[in-house]
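Here are my notes on the model you asked me to look over.

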Amino acid sequence: CAGAPPATHHVGVAAICDTAMVRLVSFALPHEPAPTEAPGKHIVPRVGALLSDSVVDLTAAFAAATPPCPLHRGMRELLERGDAALALAHTIIAGGRFRVPLGGVRLLAPLYDPEKVVCVGMNYRDHCTEQNIAVPTEPLLFSKFASAIAAPGDPLPLEPTETQELDFEVELVVVVGRAGRRIELSKAAEHIAGYAVAHDVSARDWQMRRNGGQWMVGKTMDGFAPIGPAIVTRDEAGDIRAKGIRCLLNGVAVQDSNTREMVFGPEEVVAYASRFFTLKPGDLILTGTPPGVGAFRKPPLWLKDGDEVVCEIDGIGRIANRVTASPPRAAL
């Protein structure tokens, strides 16, 4: 608990607890900005727990512990501290103190400062089928920047000057809880802290055609990774390979599949990725999308100003974001 420097500003990270499962979320009080609302400032999530109609502020509770155990770096630090920190969190939750009314908080993305955001392409068999391509024999990895992370409810940015082909992709997120390199498949589950929902937003014109195909630009513009609403801990998530997964556009289902269609499950992806780079607590792995994306429809279906996109996974959660177009500006 010692040795961490003080943060410049704090918002809150909470563990949502009900009778069915435990979830970790980030939240802000009314006077506190989200990290995306204060660019250039050091906004650090706190940690807490939601019980029915209130949030137990674990940041305050950890700081008041004996000895003090402050969470200077929010969710990522909680994950880095491992089982001992989670055990302390459960003790604090059971104590019934440090509660904040639920109506007075705003949920944010669970984690804004991962070292890595790893993505898996072509990881649903039915998504491969809709493109008439072979099912991969190894995971296809690419990445997004942490600056693409956005909260549920944040505007989904559409810059008409930059893209005319904004697309939707619902995805299951794996949140790494334990560091590892060359992780054995049989032990990969031990390195998973939990799961969340993500919207892997894509500018298909950039990804597929512009300048020969700019995957990085097309995948990682600011706001292109809404994540939330919570990290459902691995032991509470149930069978992660049997979850309904869907995306709704203005209330109509445009993607509707099941995680059993995944080519490579979370443990396989964790083991494979760790062959090449060390996974760290707080790293996020977006595990691919099912069929129905706009790019492969006939005709294509692109997001437009005012569209509401809802991404949901049974037992994991639901996030909603509305497309918001910025005024046209001169292209560089």
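**Notes on pockets, cavity and backbone**

1. Let's start with the largest pocket. Two strands, β3 (43–45) and β10 (149–150), each put at least two residues into its lining. The largest share comes from β3, which gives three residues. Bear in mind throughout that this is a predicted model.

2. As for its dimensions, the volume of the largest pocket comes out at about 580 Å³. There are 24 residues in the lining, and P35, T36, Y112, S147 and I149 are the ones nearest the centre.

3. Next, the second largest pocket, with a volume of about 500 Å³. Its lining is made up of 24 residues, and those closest to the centre are G82, D83, L86, I192 and A193. By class, the lining of the second largest pocket has 13 nonpolar, four polar and seven charged residues.

4. Which elements build that second largest pocket, with at least two residues each in its lining? The helices are α2 (74–81), α3 (83–95) and α7 (234–237), and the strands are β2 (22–28), β14 (192–199) and β16 (225–233). Helix α3 contributes the most to this lining, with five residues.

5. How many cavities of 30 Å³ or more does the model hold? The count is one, and the volume of the largest cavity is about 30 Å³. Around the largest cavity you'll find P110, L111, V175, A196, I227, I231 and L284. The lining of this cavity has seven nonpolar residues, with no polar and no charged ones.

6. On to the backbone. As a reminder, most peptide bonds are trans, and most residues other than glycine have a negative phi.

7. Where are the cis peptide bonds worth a look? T66 and P67 are joined by one, with omega about -5 degrees. P67 sits in the loop between α1 (58–64) and α2. Another cis bond links K298 to P299, and there omega is about 0 degrees. P299 belongs to the loop between β19 (284–286) and β20 (308–313).

8. Now for positive phi. N132 is not a glycine, yet its phi is positive, about 60 degrees. You'll find N132 in the loop between α4 (125–131) and β9 (140–144). Is N132 buried or exposed? N132 counts as exposed because its relative accessibility is 72%, and the cut-off for exposed is over 50%.

9. N250 is another non-glycine residue with a positive phi, near 55 degrees. The loop that holds N250 runs between β17 (244–249) and β18 (252–258). With a relative accessible area of 42%, N250 is partly exposed, since that class covers values between the 20% limit for buried and the 50% limit for exposed.

10. For the second largest pocket, L86 and I192 are among the residues closest to the centre. After that, you could turn to the cis bond between T66 and P67, the cis bond between K298 and P299, and the positive phi values at N132 and N250.

Definitions and conventions
Residues are numbered from 1 along each chain as its sequence is written. This is a predicted model: local features need pLDDT of at least 70, side-chain atom pairs count only at pLDDT 80 or more; totals for chains, interfaces and linings use all residues. Side-chain values use heavy atoms; hydrogens and water are left out. On a 1 Å grid over the protein atoms alone, a cavity is a set of points where a 1.4 Å probe fits but cannot get out, and a pocket is an open set with protein on both sides within 12 Å along at least five of seven lines; lining residues have an atom within 4 Å of a point. Grid points are joined across faces, edges and corners, and a volume is the space filled by probe spheres set on the points. Ala, Val, Leu, Ile, Met, Phe, Trp, Tyr, Cys and Pro count as nonpolar, Asp, Glu, Lys and Arg as charged, and the others, Gly among them, as polar. Helices (H or I, at least four residues) and strands (E, at least two) are DSSP runs, numbered from the N terminus. Buried means under 20% relative accessible area, exposed over 50%, partly exposed in between (1.4 Å probe, protein chains only).
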